[in-house]
Amino acid sequence: LAEEHKKERQRRLDLRLSRKLQQEKKIEDRLKASLQRSQAPAHKKVGKQIMFRSAPLFQARRVVQEDDGYEEAVREHNIFGIWLDKDGVPNAQQPEKAEG
């Protein structure tokens, strides 16, 4: 029984070593192939080139409106009777639209 156990252990060890050697050989082959690719001359492009398209003449610009919080202030004033300005100060008067 002990002899079988030794043989099985040796077989597993040999199998492990052979796998490791195979893996190292595979890695070495990959590195060689990679090195050959990197040192080989560049491949010349073959075939019909993609048609050049010029850039559009102009793009429509979006007008960005900044939110001054006026609509929200009016809504809060209508619901609660007060509204908070940008600094967080409560006001009881009707909010006015800021010009400029």
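A residue is called buried under 20% relative accessible area, exposed over 50%, and partly exposed in between. Arg12, at 47% relative accessibility, therefore counts as partly exposed. The model is predicted, and it contains 4 salt bridges.

- Arg12 pairs with Glu8 in a salt bridge whose closest N and O atoms are 3.9 Å apart; both residues belong to helix α1 (residues 2–39), where they are 4 residues apart, about one turn of the helix.
- Glu8 is partly exposed, with 29% relative accessibility.
- Lys25 and Asp29 form a salt bridge of 3.5 Å, N to O, and these two also lie 4 residues apart in helix α1.
- Lys25 is exposed at 51%, whereas Asp29 is partly exposed at 37%.
- Glu28 and Lys32 are joined by a salt bridge, with 3.8 Å between the closest N and O atoms; both lie in helix α1, about one turn of the helix apart.

**The largest pocket**

- The largest pocket has a volume of about 250 Å³.
- Its lining has 13 residues, and those closest to the centre are Asp68, Gly69, Tyr70, Ala73 and Trp83.
- Helix α2 gives the largest share of this lining, 4 residues.
- The lining comprises 6 nonpolar, 1 polar and 6 charged residues.

**A nonpolar surface patch**

- Ile79, Phe80 and Ile82 make a nonpolar surface patch of about 340 Å².
- Phe80 belongs to helix α2 and is exposed, with a relative accessible area of 63%.

Definitions and conventions: Residues numbered from 1 in each chain as written. Predicted model: local features only at pLDDT ≥ 70, side-chain atom pairs only at ≥ 80, totals over all residues. Heavy atoms only, no water. 1 Å grid on protein atoms, 1.4 Å probe; cavity = no way out; pocket = protein on both sides within 12 Å on 5 of 7 lines; lining within 4 Å. Points joined across faces, edges and corners; volume = space filled by probe spheres on them. Nonpolar A, V, L, I, M, F, W, Y, C, P; charged D, E, K, R; others polar. Patch = residues over 30% accessible without salt bridge, like charges linked within 9 Å, V, L, I, M, F, W, Y side chains within 5 Å. Areas by Shrake-Rupley, 256 points an atom, 1.4 Å probe, with all protein chains shown as cover. Salt bridge = Lys/Arg side-chain N within 4 Å of Asp/Glu carboxyl O. Buried < 20%, exposed > 50% of the residue type's maximum accessible area, 1.4 Å probe, protein only.
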